[in-house]
Amino acid sequence: MKQINILLFVVLSYSCHQKEKEPIASFTTNTTTKTFEERLSDAAISVIDPTIDYDPAYFSIAYPNGDVPKNKGVCTDVIIRSYIKLGIDLQKEVHEDMIANFSEYPNLEKWGMTKTDTNIDHRRVPNLEVFFERKGKKRTVSQDPATYKTGEIVTWMINGKLPHIGIVTNKKSKDGKRNLIVHNVGRGQVLEDCLFEYEITGHYSYGG
């Protein structure tokens, strides 16, 4: 019996010793990371809400990180709400650039403004066009749908008088030829195949 107990002790000791030498499984996460442009596309898709009322009224909003009432918005609010999800406050970014470079922006000739206004400056398409060209990259305007990539910004002029803006997503049109756009032209914040529905006036990328 004593010999059996000694043998059992040796076996158990050896087994424990072997287990201690086994490598400990480490917890690993998915190291695949999305590009900024892909994350902006995801952010734009996340703000889709066809119930948003198209309301171009002037609102007094907080600064920074201000936003109009959640149930309201125009095309620029799609851009602002998408970027804020990635930690970029266009209200603050545009305001700070306008403070330093007011003459570069079209406020005086378009709206008779002689100073900045954090409630509205970033919500005007012409101002965003200037900002994206100054701080981002101005890209080629063309009729080739392949040149409009995920996470880029497109601006249009509707009926020759209404500036418009939207975000290019990674979603494709039914024929697979065009990336779909998140925008708001009066039907809420929606995803549509509208890249060439209006006259394209600008093509930009910003962030990342």
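Buried means under 20% relative accessible area, exposed over 50%, and partly exposed in between, with a 1.4 Å probe and protein chains only. The model is predicted, local features need pLDDT of at least 70, side-chain atom pairs count only at pLDDT 80 or more, and totals for chains, interfaces and linings use all residues. Residues are numbered from 1 along each chain as its sequence is written, and side-chain values use heavy atoms, with hydrogens and water left out.

**View A. Asparagine 159 in the loop between strand 4 (153-158) and strand 5.** Strands (E, at least two residues) and helices (H or I, at least four) are DSSP runs numbered from the N terminus. Asparagine 159 is exposed, at a relative accessible area of 70%. Its phi is near 55 degrees, a positive value in a residue other than glycine. Most residues other than glycine have a negative phi, and most peptide bonds are trans.

**View B. The cis peptide bond from tyrosine 63 to proline 64.** Omega of this bond is near -5 degrees. Proline 64 belongs to the loop between strand 1 (53-54) and strand 2 (72-73). Asparagine 65 lies in the loop between strand 1 and strand 2, and its phi, near 55 degrees, is positive.

**View C. Packing of helix 4 (residues 90-100) and helix 6 (residues 125-135).** The two axes are 11 Å apart, at an angle of about 80 degrees. Axes are lines fitted to C-alpha atoms, for helices over the stretch in contact, and angles run from 0 to 180 degrees between N-to-C directions. Helix 4 and helix 6 are therefore roughly perpendicular (65 to 115 degrees; under 35 is roughly parallel, over 145 roughly antiparallel, the rest oblique). Contact (heavy atoms within 4.5 Å) involves Leu90, Glu93, Val94, Asp97 and Met98 of helix 4 and Asn127, Leu128, Phe131, Phe132, Arg134 and Lys135 of helix 6. Six of these residues are nonpolar, one is polar and four are charged (Ala, Val, Leu, Ile, Met, Phe, Trp, Tyr, Cys and Pro count as nonpolar, Asp, Glu, Lys and Arg as charged, and the others, Gly among them, as polar).

**View D. Crossing of helix 3 and helix 6.** Their axes come within 10 Å and cross at roughly 45 degrees, which makes helix 3 oblique to helix 6. Cys75, Thr76, Ile79 and Tyr83 of helix 3 meet Val125, Leu128 and Phe132 of helix 6. The contact of helix 3 with helix 6 has six nonpolar residues, one polar and no charged ones.
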